[in-house]
Amino acid sequence: ERVLMGRRIVLSVGKFEAKKGQDVLIRAFAGLVQDYPDIDLVLIGAEAASLKGLRQLCISEGVTDRVSFYVDISHSDVAKWFQRATLFVLPSRVEPFGIVLLEAGCLGLPVIASNVDGVPELLKEGETGCMVAPDDIPGLTRVMRKMLDDPDASWRMGEQLRTRITQYFS
């Protein structure tokens, strides 16, 4: 496994299809790598049409050494990545609810997600996570930078998300 302990992990979980917006995340992440030599991006998902293009995008953005793809892995392996993550990002263009946000929130992970569909029902901006407009690459880069630079505030939001989930989404 190439991703080393002691590095910060930006995690995203979702089927490799255009509506999940992993392309937006890769581009936003590429805007951070120079300033954050200790972060890696881990993308986990089911095989789908966008995977080949996402791998190609990593090459063109020059981030192949900092991005790992885990395709069709077991749920227990996904859970291990949730436990190792520093930040969870769901950059979807469409997201009816986002069960994966509940999973991240149950672990108190700091979360950034697109402000679409059902996401605002779960996240309260600046309290239980941060939201960005879909396809807003500079906005996503800026919010990831803010959360990486202030881990205490980020983890407080993660803990507030955990509390919200246990109260309202049992």
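**Before you click**

Residues are numbered from 1 along each chain as its sequence is written, and this is a predicted model, in which local features need pLDDT of at least 70, side-chain atom pairs count only at pLDDT 80 or more, and totals for chains, interfaces and linings use all residues. Side-chain values use heavy atoms, with hydrogens and water left out. Helices (H or I, at least four residues) and strands (E, at least two) are DSSP runs, numbered from the N terminus.

**Stop 1: strand 1**

Select residues 8–13. Five of the six residues of this strand are buried, so strand 1 is largely enclosed by the rest of the structure. Here buried means under 20% relative accessible area, exposed means over 50%, and partly exposed is in between (1.4 Å probe, protein chains only).

Which strands does strand 1 pair with? Strand 2 runs parallel to strand 1, joined by six bridges, and strand 4 (residues 87–90) also pairs with strand 1 in the parallel sense, over two bridges. Pairing requires that DSSP finds at least two bridges between the strands. To see examples, show Ile 9 with its bridge partner Asp 40 in strand 2, then Val 10 with Leu 87 in strand 4.

Right-handed means that, with the strands pointing away from you, the path from the first strand over the helix to the second runs clockwise.

**Stop 2: Asp 40**

Stay on Asp 40, which sits in strand 2 (residues 39–45). Is Asp 40 buried or exposed? Its relative accessibility is 2%, so Asp 40 counts as buried. Show side chains and you'll find that of Asp 40 in a polar contact with the side chain of Arg 7, at 2.6 Å. A polar contact is a pair of N or O atoms within 3.5 Å; within protein, one must be able to donate a hydrogen and the other to accept it, and residues adjacent in sequence count only if both atoms are side-chain atoms. Then pick Arg 66: 26 residues apart along the chain, Asp 40 and Arg 66 have C-alpha atoms separated by 4.9 Å.

**Stop 3: strand 5**

Select residues 111–114. Both faces of strand 5 are covered, with Val 111 and Ala 113 buried on one side and Ile 112 and Ser 114 buried on the other. Strand 5 runs parallel to strand 4, with three bridges joining them, and Leu 90 stands opposite Ala 113. The chain gets from strand 4 to strand 5 through helix 4, in a right-handed β-α-β crossover. Three bridges also join strand 5 to strand 6, again running parallel; there, Ala 113 has Met 131 as its bridge partner.

**Stop 4: helices 3 and 4**

In helix 3 (75–84), color the buried residues Val 78, Trp 81 and Phe 82. Look down the axis: these residues fall within an arc of 105 degrees, so they line one face of helix 3. The arc is taken from the directions from the helix axis to the C-beta atoms. Among the elements covering them are strand 1, strand 2, strand 3, strand 4 and helix 4.

Over in helix 4, the buried residues are Val 100, Leu 101, Leu 102, Ala 104 and Gly 105. Just after helix 4, Gly 108 takes a positive phi of about 70 degrees.

**Stop 5: helix 7**

Select residues 151–168. Helix 7 has 18 residues and reaches 25 Å from its first C-alpha to its last, close to the 26 Å expected at 1.5 Å a residue (1.5 Å times one less than the number of residues). Its buried residues are Ser 154, Met 157, Gly 158, Leu 161, Arg 164 and Ile 165. They cover an arc of only 120 degrees around the axis, which puts them on the same side of helix 7.

**Stop 6: the loops**

Select Ser 92, in the loop between strand 4 and helix 4. Ser 92 is buried, with a relative accessible area of 1%. Leaving out residues up to four places away in sequence, Ser 92 touches Lys 19, Lys 20, Gly 21, Ser 114, Val 116 and Pro 134, where contact means heavy atoms within 4.5 Å.

Last, most residues other than glycine have a negative phi. Asp 72, in the loop between strand 3 and helix 3, has a positive phi near 55 degrees. Asp 117, between strand 5 and helix 5, has a positive phi of about 45 degrees.
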